[in-house]
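Please read it alongside the sequence and the coordinates.

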Amino acid sequence: MLTRLLSASDRRVTRQTLWMGAITATQLLGGLAQMAISARILGPEGFGALAIIIAAAFLIHGLLAAPGGEAVTTFVTRALAGERPQEASRILRFTMAVSLGLSLIAYALIAVLVLAASSLLGIENAHRDTALMYGVVGIFLATRTESLAVLRLSDRVSLGLAITLAGVLTRVALLGVVWWAGGGLFEVVLAHIGGVVVGGAGMLAAAAVSAPRAGITGFLRSLSLKVPPDVARFQTGVFGRSTVSALAYNVDTLLVAQFTGAADVGLYRAARQITDTGHSPFQPLKDGVQPQYSRQWYSGQGGALRRTSLLFSLVSFASAAALFGLLAIFHKPIARLLLGEEFSGAAPLLLIMIFGAFAANSISALTALPAAVGRVWPLLAAEIGGLAVFVAAMVWLIPLRGAEGAAWANTTYYSVIALIPVPFIISILRQSRRLRHKE
């Protein structure tokens with residue numbers, strides 16, 4: 001019945017969304033298991049120290065990152081639609097080279113800061129070696145978005161699921177060994193790294209093998225990185241957006257650490273990790289629908305684009321209402337189940353952050369539209385506006401309310417970044433009425 005009701009393009013989106021959903025579900029379950037085991041190994045203070053190390057590493061990697069997945073999806077699709085496979089290969093090489101190069105620079109900066117000014121990052125001297133080790137995670141994750149984009153374009157997302165499952169099982173198994181052996185923070189970090197190495201290296205290998213199936217020929221036969229100017233401009237915008245997003249995603253943990261103690265950091269980070277997990281199911285929808293938006297836009301199918309956006313925006317709204325509604329009702333038992341009795345103080349923080357999570361994810365299918373048509377600036381504007389409000393709220397509320405103030409700032413941030421792109425999305429949908437179908 002579903003096959004008869006949906007068009008061929010919608011079936012492709014649905015199929016890829018389901019595969020991406022399976023990847024996200026695997027990451028989600030692995031992340032929950034990782035969080036539960038790590039929290040029990042380390043306790044609130046140790047978990048807070050781990051949260052600070054993770055936040056510092058991802059902040060620096062994020063500040064110097066330009067993830068190329070959206071550029072690959074949008075501009076490789078355009079090149080293939082125009083029968084320019086060599087241009088598609090150069091775009092893929094360019095995005096991967098930029099991502100890997102920036103991750104190496106980021107790790108060098110992490111090493112300098114940890115060795116020379118670890119107190120600025122909130123990292124204790126006793127944990128400097130651990131922070132240096134954790135910094136390599138960003139290198140192995142550097143090309144993940146580009147690799148997944150290639151698997152989506154080649155319709156081999158199932159391969160990505162197998163690799164993700166291998167990485168998650170490796171990480172959880174190693175954490176189990178650490179727990180059984182009575183290990184500490186350093187061993188927990190080594191377990192995290194082991195899982196990331198398996199997943200990151202596997203994804204890169206899968207993308208190289210799958211590129212020809214997507215029509216990206218000659219990917220490994222040339223070193224040319226020459227790309228059209230608009231691709232470079234798009235990636236410049238992605239760099240800015242990633243920098244702002246990294247600040248927003250990590251600065252709250254660091255500010256809570258500055259104004260409160262490690263135990264409050266652990267409670268806040270644990271509650272935020274649960275809501276972050278709630279964001280995860282919506283990324284597959286965005287990843288699945290974005291390639292279809294690009295195909296429809298560049299082939300002039302304006303009516304199909306509007307139908308696709310309407311259908312999947314209704315799906316995202318209904319899914320957000322169901323998921324976050326259930327999370328709001330059962331937030332206390334969920335927090336106890338995942339974190340243990342020591343983290344009972346995380347439940348009120350979780351309830352506060354649910355409001356912002358719902359606002360952001362209820363329109364997640366539509367927020368993929370600007371990047372899909374080659375416009376990164378609306379999303380950059382949303383991140384900048386959200387960060388400005390976020391920082392102001394944190395500086396005001398954290399000294400007054402501690403972790404609870406940070407939770408209110410978090411929900412304000414997600415509400416703002418949901419609202420700002422709306423006028424741009426409406427403008428794109430109006431422009432789609434003037435598109436002409438390309439035979």
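## Briefing

Glu404 and Arg401 form a salt bridge, with their closest N and O atoms 2.6 Å apart; the term stands for a side-chain nitrogen of Lys or Arg within 4 Å of a carboxyl oxygen of Asp or Glu. The model is predicted: local features need pLDDT of at least 70, side-chain atom pairs count only at pLDDT 80 or more, and totals for chains, interfaces and linings use all residues. Residues are numbered from 1 along each chain as its sequence is written, and side-chain values use heavy atoms, with hydrogens and water left out.

**Salt bridges**

- The count of salt bridges comes to 5.
- In the Glu404 pair, Glu404 is partly exposed at 28% relative accessibility, and Arg401 is partly exposed at 47%. Here buried means under 20% relative accessible area, exposed means over 50%, and partly exposed lies in between (1.4 Å probe, protein chains only).
- The side chains of Arg241 and Glu70 meet in another salt bridge, at 2.9 Å from N to O. Arg241 lies in helix H10 (residues 229-259) and Glu70 in helix H3, so the pair ties together parts that are 171 residues apart in sequence. Helices are DSSP runs (H or I, at least four residues), as strands are (E, at least two), numbered from the N terminus.
- Arg241 is buried, with a relative accessible area of 18%.
- Arg272 forms a salt bridge with Asp276, the closest N and O atoms being 3.1 Å apart. Both residues lie in helix H11, 4 residues apart, about one turn of the helix.
- Arg272 is buried at 1% relative accessible area, and Asp276 is buried at 14%.

**Helix H3**

- Helix H3 covers residues 69-81, and its 13 residues should span 18 Å at 1.5 Å a residue; the end C-alpha atoms are 18 Å apart, which agrees. The expected span of a helix is 1.5 Å times one less than its number of residues.
- Of the 13 residues of H3, 10 are buried, so the helix is largely enclosed by the rest of the structure.
- Among the buried residues of H3 are Gly69, Val72, Phe75, Val76 and Arg78.

**Helix H13**

- H13 has 28 residues and reaches 40 Å from its first C-alpha to its last, close to the 40 Å expected at 1.5 Å a residue.
- Its buried residues include Gly302, Leu305, Phe312, Ala320, Phe324 and Leu327.
- Arg306 lies in H13 and is partly exposed, with a relative accessible area of 25%.
- Leaving aside neighbours within four places in sequence, Arg306 is in contact with Leu429, Ser432 and Arg433; contact means heavy atoms within 4.5 Å.
- Arg306 and Ala406 are 100 residues apart along the chain, and their C-alpha atoms are separated by 38 Å.

- The 16 residues of helix H15 (residues 346-361) should span 22 Å at 1.5 Å a residue, and its end C-alpha atoms are 22 Å apart, which agrees.
- H15 has a kink of about 30° centred on Met353, where the bend at a residue is the angle between axes fitted to the seven residues ending there and the seven starting there.
- Met353 is one of the buried residues of H15, which also include Leu349, Leu350, Ile352, Ala357 and Asn361.
- Cover for the buried residues of H15 includes helices H11 (262-279), H12 (282-298), H13 (302-329), H14 (331-339), H16 (364-367) and H19 (403-419).
- His279 is in helix H11 and counts as buried at 15% relative accessibility.
- Not counting residues up to four places away in sequence, His279 touches Phe324, Ala357, Asn361 and Tyr414.
- The C-alpha atoms of His279 and Leu327 are separated by 12 Å, the two residues being 48 residues apart along the chain.

- Asp155 sits in the loop between helix H7 (144-153) and helix H8 (157-181).
- Asp155 is a residue other than glycine with a positive phi, near 60°. Most residues other than glycine have a negative phi.
- Asp155 is partly exposed, with a relative accessible area of 27%.
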